[in-house]
Amino acid sequence: MGPQQIASLSHIAFLLLDQFSMIAFSNAVEPLRMANYLSRKKLYRWSLLSADGEPVSASNGLSLSPISAPGPPQQYDMLIVCGGCQVREAATDKVQALIRRFAAQSVPLGSICTGTFALARAGVLNGYRCAIHWENLLSISEEFPRTQFTSDLFALDRDRFTCSGGTAPLDFMCHLIRHKGGKSLAADVSVQFIVDRLRDDGDRQHIPLLARIGTGHEALLDAALSMESNIENPRSLEHLAAELGVSLRHLERLFKRYLSTTPAQYYLDLRLRRARELLLQTNMSVMEVTVACGFLSSSHFSKSYRGLFGYPPSRERQQYLVAAGAIA
């Protein structure tokens with residue numbers, strides 16, 4: 001969908017699955033309410049649905065009302081499936097049939113937390129790029145090989161809008177609000193919720209390394225921990241391997257097998273992502289960030305940063321200031 005089509009989204013239906021994540025749902029609906037409040041316009045309205053019209057319990061034991069049975073798909077501009085715990089049991093045949101009915105009417109489909117699983121099981125994500133909570137990333141990638149799953153916070157691909165869980169739906173909704181009400185409104189919404197920085201679809205979920213590789217790989221975990229502890233003064237890989245009691249070649253094999261990268265690239269990406277945090281969350285100058293992240297020259301830092309994020313650090317800082325309203 002293009003910007004104009006995203007801006008046209010107004011009536012959003014939230015399909016609540018049994019044991020849905022309350023924090024993810026709240027972070028999705030509250031920005032819409034705040035956008036209406038701050039703009040003094042009814043930019044959005046929403047409906048809470050369940051597959052059978054009956055109340056649904058969240059994973060924290062609470063339930064919401066009013067819950068209604070889904071009306072004709074055409075009366076909604078978008079359907080967002082809200083998942084949580086035990087999503088395999090929650091994505092029933094009735095839920096899948098409902099999702100397919102909306103898809104058949106070309107209603108844009110979205111998801112938060114594990115709702116992506118329900119969309120994938122319904123067969124409406126084939127050929128799409130999608131996001132899901134990191135805990136489910138590995139298993140769902142193997143189960144649905146025709147879908148490209150990403151570790152990004154959220155993903156927008158044509159008429160599919162998928163988002164991970166926790167607080168990420170707030171960033172996702174503010175992204176939609178920016179298209180409808182402008183950057184200033186989206187920034188004002190984030191300020192109301194005391195959010196320092198709105199993340200975009202280029203931001204990735206922080207996936208704990210242990211969750212990515214499992215137990216039994218102490219050398220790899222220790223190497224990554226040492227890298228994280230030595231950002232400003234990067235250690236040589238040879239020295240790191242020697243300290244861990246393994247050869248550099250063995251360390252390279254571990255990174256290649258379990259992380260699909262090299263130790264050098266992993267270390268570089270780690271430093272660059274720390275640099276991005278500093279650029280967006282502090283007032284440090286680009287040169288100060290360069291030094292703090294262990295780069296010997298601004299030219300090397302800029303080239304490396306562009307290689308990972310697609311643009312130089314100076315542009316990152318400028319875009320953030322524009323979004324925050326600090327400059328025209």
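Reader: How many of the 328 residues of the chain count as buried?

Author: In this predicted model, 48% of the 328 residues of the chain count as buried.

Reader: Why is T261 called buried?

Author: A residue is called buried when its relative accessible area is under 20%. T261 has a relative accessible area of 16%, so T261 is buried.

Reader: Where is the place of T261, and which residues is T261 in contact with?

Author: T261 lies in the loop between α12 (248-259) and α13 (263-281). Leaving aside its neighbours within four places in sequence, T261 is in contact with F255, K256 and Y266. Contact here requires heavy atoms within 4.5 Å.

Reader: How many helices and strands does the chain have, and what makes the chain as compact as a globular protein of that length?

Author: There are 16 helices and eight strands in the chain. The globule rule gives 20 Å for 328 residues, and the radius of gyration of the chain is 22 Å, close to that value; therefore the chain is as compact as a globular protein of that length. The C-alpha trace spans about 65 × 50 × 35 Å along its principal axes.

Reader: Where in the chain is confidence lowest, and where is it highest?

Author: Confidence is lowest in helix α9 (residues 209-213), with a mean of 56, and highest in strand β3 (residues 78-82), with 96. For the chain, the mean pLDDT is 86, and 91% of the residues reach 70 or more.

Reader: How many positive and negative side chains does the chain have?

Author: The chain has 34 positive and 30 negative side chains, and the centres of these two sets are 6 Å apart.

Terms used:
Residues numbered from 1 in each chain as written. Predicted model: local features only at pLDDT ≥ 70, side-chain atom pairs only at ≥ 80, totals over all residues. Heavy atoms only, no water. pLDDT = per-residue confidence, 0-100. Helix = DSSP H or I, 4+ residues; strand = E, 2+ residues; numbered from the N terminus. Rg over C-alpha atoms; globule rule 2.2 N^0.38 Å. Buried < 20%, exposed > 50% of the residue type's maximum accessible area, 1.4 Å probe, protein only. Lys, Arg positive; Asp, Glu negative; His and termini not counted. Charge placed at Lys NZ, Arg CZ, Asp CG, Glu CD.
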